[in-house]
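Please open the model in your viewer and keep the sequence panel at hand.

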Amino acid sequence: MQALARHHSIFFLIMRRLRAPLILLIVLFAVAVLGLTLAPGPVVDGKPSYLSFFHAFYFISYTATTIGFGEIPYTFSDQQRLWVVISIYLSVIGWAYTLGSVFNLLADRSLRQAIAMQGFVRAVRRLREPFYLVCGYGETGRLICQALDRMGVRAVVIEVDENKIGELDLHAYAADVPALCADASNPETLKFAGLTHPSCIGVIALTNDDATNLSIAISARLLAPRLPALCRAEHVATADNMASFGTRHIINPFERFSETLALSLHAPKASQLLGWLTGVPGSEVEQRRDPPRGQWIVCGHGRFGRQMVSAMDSEAVPVTIIDLDPKPDGVHRWVQGDGTGAESLRRAGVETATGIVCGTSSDTDNLSIAVTARDLNRELFVILRQNHESNRALFDAFDADITVVPSRVIGHECIAILSTPLLVPFLDEVRARDEDWCGTQLDRLTGRLGWTVPEIRSERINLSRAPALYRRLMKGQTVTLDMLLRSPSDRARRLDCEVLFLDRDDDDHVLMPAPDATIRAGDELLLAGSRAALNDIGLIIANEHTLAYILTGEDLPGGWVWEKLARRNRPRTNPQLP
Amino acid sequence: MNLEKVIFGFFIVLAATLNFGFFVGDIENPAHHDIYELFAALVVSLIATVLKFGDRTQIGAVHLSTSLVADLQLVAAALVWGYAAHVHPGGLTPEMTARVVSLSGGALFANVVSVIILIAETIMQRR
């Protein structure tokens, strides 16, 4: 990216390149004009007339540009015509050369890059709304950008692959997404893309190269320390390195899934609760069978396979590993092979196994293993790794128990972190609870809200988000959750939503607060429920009239005059002061 | 020695000398001011301007601006001459000649500044 630093001087770049053709043009013009003034013209009044500079310049101007008005002020003499013939050919060469240079310059790759760069830098500089800097527009990047677009947050994209930048134009986004084709590991590029822009609210590093993600994380840490950074890391060493300098969120798709698997092996209820809370809103949670305990087979001992093996080791599940390059460690049984043939699967004991993980980096191999294994053992629990989104139809056709799509795992995690920052501490709390507690909560929540994955939203009780409730609380009124979560059309009916987590202003927090818990100004609520109910909540805490109806059952008269009149007829109630 | 520098210096100095050659003489007398010299001064000045394109240093910018001033003045002088010789009913009167020459005088000043910058630049580099 040599053109990067020069983006300020495109004008000078063009001028420098056009120096030679311009000088040639000037010289040819000058020679033609001069020659024409020197050539003797027809004899007028007994002596030969000469063209003046004015007429010569006029004539050459329209001849050289192929307009051609005729011979002025008198019909030319043969000497003049001879010179004009020479001038015409000279000027044609000059123009052809100049135009050729101009078109050559316009088609020039580095110039086009410089122009695109300038447009991008201008678009980013003009952003006045909060935006995320998304590095890497692969499958995950696309998911994130679409989610951000739905949330009404702008995004700026850096992607190294030109084709993917082209793809970005094809997707319909509500807001314009400025995109740059450049290497995001270059700090200068990140700066141009708005890393130090006051409206930038976060950096998301999703490239498929760990080294690039690492350098993005370092740049973000040093150039914009206040910004949260979400980084994808597929190697443990990279994740450790990122954590060492305080990267806010590190997402390892394989580790995240193996944690989920380990949880579902030892605590199915907790795993179901987490699945219900973090699924795609609106989708039905599959009442799928839980991964059984028993003999497991892992095909492919790569990054994914290793994580799966360690997850099973921690749950004390016996594992047989099929890999082309066995590395016997004395703990697991190793079988040499690639698992796609029945022979190696049989040697690994597929007939007696309870589950199989198809975790190679090739989608075709994974499907082939899964199909062969299912043929050999109908009851087998199949976990399938899908590497590319384009193979989705094939994976949908094969009915695996769990299909792991790394790009989707990262995407969902990022979206959850971005849309509801409170979700992460809440989920950490839930993971720390025991199986019984999770079972009770799961029954209670699904009993109230159904098995459909709810919308999760957080609301902060402050002056900008919740002016009505905030003012009441500051006046000293007591409001409990039960009082608040009422339908705005009928206050006797409860809203279809639950408060999962209450984050107090003073670093205190309540998990699954009871209905009589009081709300204080500055609290942040994590709510789960239907979209309509959550929209109602937003209305209740922001609108004075709705809130008054919910809390007291009275319809406030709208407008200052009516309020004064209504207040006169009512005995004054002193606000309760703490 | 650098051929580019030689050509650059040559055109700047030539623009100034041609301009001076046109300028000297009785300001009102058309016989003292050859129109071919004005033409040459204008062409050389335009070439000098194009040669200065693309230099992004501070001195390069000043060079370019003085050259643009000289071009502007000379083009104005040429336009006045064209008007006087072909449109003005009285032809190239002493009054008109004085206008052309004084405009070229302004261009001469810009060209002199250009030469001074060239000299200053050379001295500054001490090579």
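Two residues are taken to be in contact if their C-beta atoms, placed from the backbone, lie within 7 Å. Helices (H or I, at least four residues) and strands (E, at least two) are DSSP runs, numbered from the N terminus.

This is a predicted model, in which local features need pLDDT of at least 70 and side-chain atom pairs count only at pLDDT 80 or more, while totals for chains, interfaces and linings use all residues. Residues are numbered from 1 along each chain as its sequence is written, and chains are lettered from A and ligands numbered from 1 in the order in which they are written. The model scores ipTM 0.82 and pTM 0.65.

**Stop 1: helices 9 and 10 of chain A**

Select residues 210-223 and 236-244 of chain A, which are helix 9 and helix 10. Which residues of the two helices meet? From helix 9 of chain A come A:Asp210, A:Leu214 and A:Ala217, and from helix 10 of chain A come A:Thr238, A:Asn241 and A:Met242. By class, this contact has three nonpolar, two polar and one charged residues; Ala, Val, Leu, Ile, Met, Phe, Trp, Tyr, Cys and Pro count as nonpolar, Asp, Glu, Lys and Arg as charged, and the others, Gly among them, as polar.

The two helices pack at an angle of about 5 degrees, with their axes 10 Å apart. Axes are lines fitted to C-alpha atoms, for helices over the stretch in contact, and angles run from 0 to 180 degrees between N-to-C directions. Helix 9 of chain A is therefore roughly parallel to helix 10 of chain A. Angles under 35 degrees count as roughly parallel, over 145 as roughly antiparallel, 65 to 115 as roughly perpendicular and the rest as oblique.

**Stop 2: helices 2 and 4 of chain A**

Next, select helix 2 of chain A (19-38) and helix 4 of chain A (78-106). Their axes lie 9 Å apart at an angle of about 170 degrees, so helix 2 and helix 4 of chain A are roughly antiparallel to each other. Among the residues that meet here are A:Leu24, A:Leu28 and A:Gly35 of helix 2, and A:Trp83, A:Leu90 and A:Tyr97 of helix 4. The residues of this contact divide into ten nonpolar, seven polar and no charged.

**Stop 3: where chain A touches chain B**

Keep helix 2 of chain A selected and display chain B. The contact between the chains takes 13 residues from chain A and 13 residues from chain B. On the side of chain A, the elements that give two or more residues are helix 1 (10-17), helix 2 (19-38) and helix 3 (53-64). Which element supplies the largest share of that side? Helix 2 of chain A does, with six residues. The residues of the side of chain A divide into nine nonpolar, two polar and two charged.

**Stop 4: chain B**

Chain B averages a pLDDT of 90, and 98% of its residues score at least 70; pLDDT is the predictor's confidence in each residue, from 0 to 100. Of its 127 residues, 35% count as buried. A residue is buried if 20 or more other C-beta atoms lie within 10 Å of its own, exposed if 12 or fewer, and partly exposed in between, with C-beta atoms placed from the backbone.

Within chain B, select helix 3 (residues 58-87) and helix 4 (residues 94-125), which pack at an angle of about 165 degrees with their axes 8 Å apart. This angle makes helix 3 of chain B roughly antiparallel to helix 4 of chain B. The residues of their contact divide into 17 nonpolar, eight polar and two charged.

**Stop 5: loop residues of chain A**

Return to chain A and select A:Asp45, in the loop between strand 1 (43-44) and strand 2 (47-48). Phi of A:Asp45 is near 55 degrees, a positive value in a residue other than glycine. Is A:Asp45 buried or exposed? A:Asp45 is exposed, with 5 other C-beta atoms within 10 Å.

Finally, select A:Met512, in the loop between strand 17 (509-511) and strand 18 (524-529) of chain A. A:Met512 also has a positive phi, near 45 degrees, and is partly exposed, with 19 other C-beta atoms within 10 Å. Leaving aside neighbours within four places in sequence, A:Met512 is in contact with A:Gln441 and A:Leu500.
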